[in-house]
Amino acid sequence: MSRSASKAMLFVILMVSASVTPMVGSASASDTILLSLDNPHVVLQGGDSANVTLNIENNGTSIEHYNITLDTDDLSDAWTINLVNNTTGEVIPTQSTNVDLVIVLAIDALPSDSGSFVINVTEQDGDLYSTMTAYVTVEPSYASSLSFNSANGPFQQMLA
């Protein structure tokens, strides 16, 4: 199989897998801490970055502060994911707050570096928690190339 055919096949496999990936990240644990992401599946090309907003809704009965951590252990080193804040201020019951995540992809990343990470949100004064999985995908980039060999080529013949 030629190199371009194998790249095309990889791209088709990547697109099919991206289409079956859930459009909403999976969440678990406490029903008093509701989590959502404005973009649960980030697709980037090497060297790009994106901002994602995590929405934390207090579905409990008391004012809460939350701690946010990221579990990126299963994610490739090509990804850098940072929280703008790892704690929230007071969140009144039935209200919500937002926390931004900055996602950066290394310029030399490959589609095989795609994966997921887990966002953990816990109450500061309690043992309630919720988690959410976010997905990150490396979009293939096909750079064009041009090569020229003048030794005994058509250009050399035109000069003769």
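Setting aside neighbours within four places in sequence, Val 121 is in contact with Ile 33, Leu 35, Leu 54, Ile 56, Tyr 66, Asn 67, Ile 68, Leu 128, Tyr 129 and Ser 130, where contact means heavy atoms within 4.5 Å. Val 121 sits in strand S8; strands (E, at least two residues) are DSSP runs, numbered from the N terminus. With a relative accessible area of 0%, Val 121 counts as buried, a word that stands for under 20% relative accessible area (1.4 Å probe, protein chains only). Met 132 is eleven residues away from Val 121 in sequence, and the two are 8.6 Å apart in space, C-alpha to C-alpha.

A quick word on the ground rules: this is a predicted model, in which local features need pLDDT of at least 70 and side-chain atom pairs count only at pLDDT 80 or more, while totals for chains, interfaces and linings use all residues. Residues are numbered from 1 along each chain as its sequence is written, and side-chain values use heavy atoms, with hydrogens and water left out.

Val 121 also belongs to the largest nonpolar core, which has 28 residues; Leu 54, Ile 56, Trp 79, Ile 103, Phe 117 and Ile 119 join Val 121 as those with the most contacts inside it. Such a core is a set of buried Ala, Val, Leu, Ile, Met, Phe, Trp, Tyr and Cys residues joined through side-chain atoms within 4.5 Å. Among the elements giving two or more residues to this core are strands S4 (49-58), S7 (96-105) and S8 (115-123). As for Ile 103, its contacts beyond four places in sequence include Val 42, Trp 79, Phe 117 and Val 136.

Now for the sheet. Four strands make an open, antiparallel sheet in the order S2-S4-S7-S6. S2 and S6 are its edge strands, each pairing on one side only; strands pair if DSSP finds at least two bridges between them. From one strand to the next, the twist averages 25°. S4 and S7 run antiparallel and are joined by nine bridges; Thr 53, for instance, has Asp 100 in S7 as its bridge partner.

Over in strand S9 there is Thr 137, which is buried, with a relative accessible area of 9%. Its side chain makes a polar contact of 2.6 Å with the side chain of His 41. (A polar contact is a pair of N or O atoms within 3.5 Å; within protein, one must be able to donate a hydrogen and the other to accept it, and residues adjacent in sequence count only if both atoms are side-chain atoms.)

Finally, confidence: the protein chain has a mean pLDDT of 84, and 71% of its residues reach 70 or more, pLDDT being the predictor's confidence in each residue, from 0 to 100. Over residues 22-27 the pLDDT is below 50. Where pLDDT is low, the predicted coordinates should not be read in detail.

Terms used. Buried means under 20% relative accessible area, exposed over 50%, partly exposed in between (1.4 Å probe, protein chains only). Axes are lines fitted to C-alpha atoms, for helices over the stretch in contact, and angles run from 0 to 180 degrees between N-to-C directions.
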